[in-house]
Amino acid sequence: TNPLRLAHFLAQCAHESGNFRAVSENLNYSAKGLKAVFGRYFPDNLAESYARKPEKIASRVYGNRMGNGDEASGEGYKFRGRGYIQLTGKNNYTKFGSFVGEDTIANPNLVSEKYPLASAAFFFDSNGLWKYCDAGAD
């Protein structure tokens, strides 16, 4: 609704998406990367068996969270981050699908293929992030 909000929003989208190049979360982590980014999900030597296996990684990290089923359900990967701000989790996909009037549960790729910017704006609005934009830089 104003230049400050637009600047903050677009800067965040650019950061999250690698300057608008990535519209789907890259989960191709090494064991070392898993421990650094998702350490609490990979105790002891567990990271070795998940390394470089994006589906397996997402299913563990996002399982039983954000409306996703358990690790075995595969919903962590199905509802991994997509769009310019990486909309993540079945709950967010459900809400966003209702907002745009499309079945993003049956076709989660809609978020990355058709709605990468709209999903980012939806996330900002539904999470009240405009207040941070309005505060300016600190």
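**View 1. Helix α1 passes helix α8 in a right-handed crossing.** A crossing counts as right-handed if the near helix is turned clockwise from the far one by less than a right angle, and as left-handed if anticlockwise. The model is predicted: local features need pLDDT of at least 70 and side-chain atom pairs pLDDT 80 or more, while totals for chains, interfaces and linings use all residues. Residues are numbered from 1 along each chain as its sequence is written, and side-chain values use heavy atoms, without hydrogens or water. The axes of α1 (residues 3-16) and α8 (residues 116-126) come within 11 Å and cross at roughly 120°. The two helices are therefore oblique to each other. On the α1 side the contact (heavy atoms within 4.5 Å) is made by F9, Q12 and C13, and on the α8 side by L117, A120, A121 and F124. These residues divide into 6 nonpolar, 1 polar and no charged.

**View 2. The largest nonpolar core has 13 residues.** Such a core is a set of buried Ala, Val, Leu, Ile, Met, Phe, Trp, Tyr and Cys residues joined through side-chain atoms within 4.5 Å. L34, F38, F42, I57 and V61 have the most contacts inside this core. Helices α2 (31-38), α3 (46-50) and α4 (54-61) each supply at least two of its residues. Leaving aside neighbours within four places in sequence, F38 is in contact with L27, Y29, G33, V61 and Y62.

**View 3. S112 is found in helix α7 (residues 109-113).** Apart from neighbours within four places in sequence, S112 is in contact with V23, R82 and G83.

Technical notes:
Helix = DSSP H or I, 4+ residues; strand = E, 2+ residues; numbered from the N terminus. Axes fitted to C-alpha atoms, helices over the stretch in contact; angles between N-to-C directions. Parallel < 35°, antiparallel > 145°, perpendicular 65-115°, else oblique. Nonpolar A, V, L, I, M, F, W, Y, C, P; charged D, E, K, R; others polar. Buried < 20%, exposed > 50% of the residue type's maximum accessible area, 1.4 Å probe, protein only.
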